[in-house]
Structures are given as structure tokens and as C-alpha cells.
Amino acid sequence: MCNRVRKFGLGVLVSVLLMATAAVVSATELTMYYPVAVGGPLTTIVDGIVADFMKENPDVKVKAIYAGNYNDARIKALAALKSGQPAQLSVMFSIDIYELIEQDAIIAFDDVVETDAEKAWLDSFYPSLMENGRTAGKTWGIPFQRSTIVMYYNKDAFRAAGLDPDKPPASWDELVAAGKKLTQSDGSQWGVMIPSTGYPYWMFGALTMQNGQVLMNGDGNTTFYDHPDVVGALQFWKELGDKHGIMPKGTIEWGTLRQNFLEGKTAIMWHSTGNLTAVKKNAKFDFGVAMLPASKRRGTPTGGGNFYIFKKTTPEERKAAMRLIKFMTSPQRSAEWSMKTGYMGVSPAAYETQQLKAYVKEFPYAAVARDQLEYATAELSTYQTGRVRKLLDDAIQAALTGSKTPEAALTEAQAQADRLLKPYR
Amino acid sequence: MQTNTSKHIHGWLLLMPAAILLIAFTHYPTVATIVNSLFSKGTAIRPSRFVGLANFERMLDDPIFWKVLANNGWFALGTIPTSIALAIVMALFVNRSLPGRSLVRMAYFTPTILPMIAVANIWLFFYTPDIGLVDQIASGLGFSGHNWLGDPRTVLPAIMVMTIWKEAGFFMIFYLAAMQNVPPELEEASKLEGASRWYYFRRVMFPLLMPTTLFVLINAVLNSFKLVDHLFVLTKGGPDNASNLLLYYIFETAFSYFETHFAAALTVVLLLLLAAMALLQFFVLDKRVHYR
């Protein structure tokens, strides 16, 4: 009995070793996890790009594994790391950066790049897309599938209400004024809907930025939840429902909002650029896409996934990973990716490619997200990010449903966030 | 003597497959969870260390923990009696001869076959303000739309209704099977004695169904703590934790906040709760159940 077990174990060991050596001899093997957070055949697109890469680089073998949503991807990558069968690189949520640094899981790109050309490559992306990937003076994430929030509006409804369909509201006051004209008193059409489930902190990041205040510092160890301008932003969000009556009271569901817009139940919605292709396909009315309106300034957080390289890698694997990342974020590939998905091109050069130029000319709304980048800021991301984010989510929902005042809810959230973040200062 | 030893070995070998599975996937994880609950969160910079009962002390101070526990209590109270009562009524209904009986039986059982995630996706659109089915029916009757899942007062009841709809059909199957085992002579006898239908149900049928009721009750209680799939789709526990349940909070703590040790402590509480309730049902209720 015992002997047989030993023999079996030995057999397994030998075959594992054989496989390992075989891999070393033939090519550098890379395992990459990637998430998909919006609908559509995104996995086939990623697989296609990876296949193209392997055709051009026969000495590198890439295993791209679809890992569910952002949460799943992070869990799987970290679990693989702990089990000793780590991935070498992965696409993960841009806001996972502090968690990954704290787990000592990733390596900064500054420690991987060698030549001056590569160092320059780090600066070739849109700076606001790099904000979530940089902290403590180093670059940890390279933008790949990135988005912002934009305002979708129903031009037919604008015409019916006597508004100029080519002049979407550009300020909070104009939004309220237009919303009042668009709202039907029988509840058949609302003026505006801003989703407050799923990712309330993300939408709120846009409102606070417009009100002139970011939610956290660049080191990820301080939040500004109780800043007067942040409180003012939540007050405004709440008043859209309470005071102005142009948005339903209570929370608004993220998942069904697009359907509400497509059925004409709301004339304006704020949503991710990731919905652009779906709205374009399904809207039976004339619709427009615009930048979010301004209070003191325009503003939106960025969102989406970055490339990370893991620490448990050999120098060869890091080099190969760099080649793959460079390939997938190159202007040509980024342009292709943007057209197929609705995500943004990650560098100015991507929008200079022939293909994307032609696409933007034919469908100008594809460029709204890019133009808005100028006003964009990082997505909420701190140490202990899950809990710190949930504190804000709960505060927003408590204020919107009327169980607490915006000021009380945010002051409470800030006090708890301070307690969580104190050890990191 | 020799045969005795080989008999022992034989016995243990027969036991082994089940024992290995149970130990690997039930007993070891349970013990590991209890051990883990006594340690602090570890990171690369600050490794995990033994903290005794600190995680449990923190739980006492955690308002969200108390909130999800209370929610879970209401959820259990709201779903279990109603779905059991509904299951009995439905079973009584389809236990008689009526045209299209198997069709009705199937219709009652359909919600059980559907995966919870699919069900939740359907109900998400039922509950959508203004355009959802619920509001469309309500507006036909002259009521104005309501934000069912966005209002902390209605979100938990809304989820309970969906759960009852999903569970009642499942429990009905057990009652139906039990009812078909009740000898028809009993009904004939009580008819001869002049007992009303209600009296027959109350004094004859229902007591005979008690073993089934106990089984269903245990299942229903466990399910009310175990089933949280719909929360991922419907509300994510919101708004402001108004629909958050204990198991979903455990998931959030472990995989969103990465506080696996605090999550382990919460799991221990859940385990104790479930064990206490199962024991209560077995030892207190079992005495009052009449087995034939």
C-alpha cells in the first residue's frame, strides 16, 4: 500500500519535472488572466490579439485565461500566486493597485524597463489613465481596457421638450433646467438618471470632481469624504430626486438603467462608455453622447483594467511579458480594441491611426470619452480599498434613500475610513 | 483472529472513500476555519499573528454584522412559514383529480428548476421602476410606480417574495409525495363519521405530514441562511445594507476586503447558528412528530 503510494507520488513528480523542463527548452511560457466586465464577445477579441502576438513572436507562448469579472480575476490571480503556480502578468482592476502592492504581488514597471526607449514608452499613454497606475513615485499598471463616464441623451425627447438637441446641458444648472422640461408629471419620462447601485462611488467621483474636489490623495492613505465640496456634490445628487423632482427617489439600479434609457423612461443617463456600442445598436431614437456637465469644472473618474507584472517571475519572463504588453497597447492594437469594444484608445497615438481616425469621423461620439480625458481624475482607490470604498457606497445610498443626511453619512464614513487608513500614513 | 483483522481492514477500506471526502471537504475546512478565525489579517508587510478572540470582539462592535444578522432573521421569518403554507396549499390542490393536473404540477415546480441567478435576473426586470412587470400591473390598477429595490423599506420584502416563489414549488413536491402515502381509507372513514374537510385536514392529514414538515422546515431554515445567489444580481446587499444577509457579508469580507480571518470568524458564527437550529429542531420538534 505504502509502496504503491510512494511510486505514484514519484511518477507524478517525474512527469511534472519533465513538463517543466520541456517548457524551458522550447519557449518562454506566459500565463495571463484577464477579466471581462461588459457584454459582448470580448474573449474572442482578446484571444485574437494574443494569437497574433504569438505568430509574430514564436519564442513566447501565451496562455490567456478569461477569469470572470474584475473581482474574480483578482481572486484567481492571487490564489494562483499563493498556490505556487502563478501567472506572470494579468489584466486586473486599475484600483487593485494598493492591494497588490500590499500583498507584495506585483513589480513596478520602472524596475523592468531597461532602455531609454522603454522608459519613454511609459510616458506615451494619456496621463489621466496613468493616475491609477502610479503611486509612491513608480509605475505599477499599464492602461489596457479603460473607460470614463459619459452622458447619453435622447435627442427626440429634447426636441419634444423644446430643447436644442445639439446643446446638451453643460452645467449642473442647465442639467436641472433641462431635466425639469424633460420630466413628465405622470412619471412616464424622467429628466435624468444617475445609477447608484453597483458602482455608486464611481458616479460620485464624477460629481465631486465637477464640484472641484477629488476623493483621495495620491498615496492612497487619505480620503476626503467629509470635505464641504464632497458633501455639496452628494447634496446635489440627492436634490435631483428630492427637490427638483427630475430623477426617481431612492437608488437607481445600474443593471437596468440602459433598458430604462432605451425605452425612453429617462431622457438622460450617466453611464460607462462601455455601453456605447450597445446603445448604438439598440436605440430606436436619435441619441447623443456628451461630456458630463460642470459645476465648478468638468470631471469624471477613469475606470477599467490595467496590465500588471507579477513579482514571482524570472528576468526572461518579465522581458517576454513586457513584449506582450507593448504589443497589446500599441497604437494599432489599441485602436482596433477601441473600435470593437467601445473602450478608449490608451494613447494619443492610437487616435492618430488611420483606422480610428476614420471611425471617429463616421461616428464622432466615439471620441467623447477621449476629449473628456482632459478633465478626468483617478478612480477611488486606497489601501484597504474594498472596505474604504464600501463605506462611501453605503453613505451615498443612505443619503439617497433619506435614512441619513449627506453631511452625517459622509462624516461618519470619513471617520471610519480614517481609522482604517491610519496605519498607512 | 486473522479473519478478524482482515474484516477490520475490509470495513475500513469500505468506509475510506466517504471518509476521505468528508474529512477533506467538510471536517478539515471546518477546523481550519475555526483556527483561522483566531488570527489577524496578514499581508506581506505585516504577517498574520494569533489574536485570540479579537475578531469576535470586533464583530460585536461591527454595526453591519448586527444589521445583516437582523436582516437574516427577518428574511427567515418572512420566507419560511409562508413558503411552507403555500407548499401545502399547492400540494392539496394538485393532489386532487383535476383536468391538466400534471401541467399544473409542472407549472408549480418550474421555479425550482431554474437557476437562482437566472431567476434573479428575471425578477430584476420585474422590479424595475416604471418599466418593470410589477409596476406595469400596478399602473394598470391605478397605482403609481415604486422603486422596489431602491427603497430600504421594500427591498427585503421584495426579495422575500421572490424567494417564496422560488422555494414553495420545491417543498410542494415533498408534501405531494407524503400526501400520496396517506391511505385513502382514512379520508373515507372520516367522511363516514361526518368530519368536515377542514377537520380531516387538521386532525388527520396534517399530523401525518409532520415528518415531512420537519424535513422541509430544516431545509427551509438552512436555505434562508445558505441562499444568497440572488443578492449578487439584485442588490449587492444595498441600498446601505438594507438587504445584506450574513453569507453575502462573509463573501464580501473575504473576497472584496480580503479579510479572510475576519470572514472565518463570521463563518464560525454562521456555523454555530445553523448547528444550534438543527439541534433544536431535531431534539425539540422531533418529539412532537408522529412517525408511523
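The model is predicted, and local features need pLDDT of at least 70, side-chain atom pairs count only at pLDDT 80 or more, and totals for chains, interfaces and linings use all residues. Residues are numbered from 1 along each chain as its sequence is written, while chains are lettered from A and ligands numbered from 1 in the order in which they are written.

**Domains of chain A**
- Chain A is divided into domain 1 (2–146 + 303–366) and domain 2 (148–302 + 378–424), with bounds that come from an automatic or database domain assignment.
- The centres of the two domains, taken over C-alpha atoms, are separated by 31 Å, and their contact takes 22 residues from domain 1 and 21 residues from domain 2, where two residues are in contact if their C-beta atoms, placed from the backbone, lie within 7 Å.
- On the domain 1 side, α4 (97–102), α6 (127–130) and β11 (300–310) of chain A each give two or more residues, and the largest share, four residues, comes from α4(A).

**Build of chain B**
- Chain B has twelve helices and zero strands, counted as DSSP runs numbered from the N terminus (helices: H or I, at least four residues; strands: E, at least two).
- The radius of gyration of chain B is 24 Å, whereas a compact globule of 292 residues would have one near 19 Å; the radius is taken over C-alpha atoms, and the globule rule is 2.2 Å times the number of residues to the power 0.38.
- Along its principal axes, the C-alpha trace of chain B spans about 80 × 75 × 30 Å.

**Contact between the chains**
- In the contact between the chains, 26 residues of chain B meet 28 residues of chain A, and α5 (116–127) and α11 (246–256) of chain B each supply at least two residues of the chain B side.

**Nonpolar cores**
- A nonpolar core is a set of buried Ala, Val, Leu, Ile, Met, Phe, Trp, Tyr and Cys residues joined through C-beta atoms within 7 Å, and a residue is buried if 20 or more other C-beta atoms, placed from the backbone, lie within 10 Å of its own.
- Within the largest core, of 120 residues, Leu89(A) and Ala395(A) touch the most other members, and helix α18 (residues 385–400) of chain A gives the largest share, eight residues.
- Apart from this core lies another, of 47 residues, which includes Tyr175(B), Ala220(B), Leu245(B) and Phe262(B).

Note on methods
Buried ≥ 20, exposed ≤ 12 C-beta atoms within 10 Å, placed from the backbone.
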